Amino acid sequence: MKQKLALENWPRKDHFKFFSQFEEPFFGVCVEVDCSKAYENAKLNGHSFFLKYLHASLVVANHIEPFKYRISDDEVWIYDQVNASPTINRPDGTFGFAYMDYFEDFAEFNAAAQVEIERVQNSRGLIPAGSGQNVIHYSSLPWINFTAISHARSFSFKDSCPKMSFGKLSETKQMPVSIHVHHALMDGFHVGQFVEAFQEILNAE
């Protein structure tokens, strides 16, 4: 479900109009998060660390409203829920696109995600996940301790979905995270809120 945002009453109305005209309206930041507790607890409980931090990021995105905004026909729509569209690595060195519904309860999310991971790992080719706009595009680069990242984009394709990438976990359990968002929909303030809340969940996990 979604509802239209009343642009005329939105404090960011002028920001929306300004950044909507850009050929490249996305901006991105790379930060490092401490995963010590989240990693330890995932291993103690036999959970996938990847699914733990993926779920934690979805929890935060679903509680910070601008991460649920999407642009369609020059209007801003607010989705009730945003889900995950991550890349899943295959044994042959390729990857596939996946789609995972968001459940606030990790056990529910984990069960459904495991089924989707198995499906993608046993598939071939590169078939886009039929997920619509209410997703966040995720990718993981567990081999690289990156400090910056860029994304392949088709500028003829209208896109306002956030993009997040996770890098290599260091020996001290620090992990780089890249967050790219549409500047017509949010600012650095909102990304800052996301990073702070994401770290709080990782600390509590």
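Colleague: What volume does the largest pocket have?
Modeller: The largest pocket comes to about 780 Å³, where a pocket is an open set of points on a 1 Å grid over the protein atoms alone, fitting a 1.4 Å probe, with protein on both sides within 12 Å along at least five of seven lines. This is a predicted model, in which local features need pLDDT of at least 70 and side-chain atom pairs pLDDT 80 or more, while totals for chains, interfaces and linings use all residues. Residues are numbered from 1 along each chain as its sequence is written, and side-chain values use heavy atoms, without hydrogens or water.

Colleague: Which residues are closest to its centre?
Modeller: Of the 25 residues lining the largest pocket, Phe97, His137, Ala152, Asp159 and Lys163 are the closest to its centre, lining residues being those with an atom within 4 Å of a point.

Colleague: And what about the second largest pocket, how big is its volume?
Modeller: The second largest pocket has a volume of about 440 Å³, and among the 18 residues that line it, Ser20, Phe22, Pro25, Lys158 and His182 are the closest to its centre.

Colleague: Switching topic, how many disulfides are there?
Modeller: The search of the whole structure finds 0 disulfides, a disulfide being a pair of cysteine sulfur atoms within 2.5 Å. For Cys30, the nearest cysteine sulfur is that of Cys35, 14 Å away, and for Cys161 it is that of Cys30, 19 Å away.

Colleague: Is Cys161 buried or exposed?
Modeller: Cys161 counts as buried because its relative accessibility is 3%, with buried meaning under 20% relative accessible area, exposed over 50% and partly exposed in between, for a 1.4 Å probe and protein chains only. Cys30, at 29%, counts as partly exposed.

How values were computed
Grid points are joined across faces, edges and corners, and a volume is the space filled by probe spheres set on the points.
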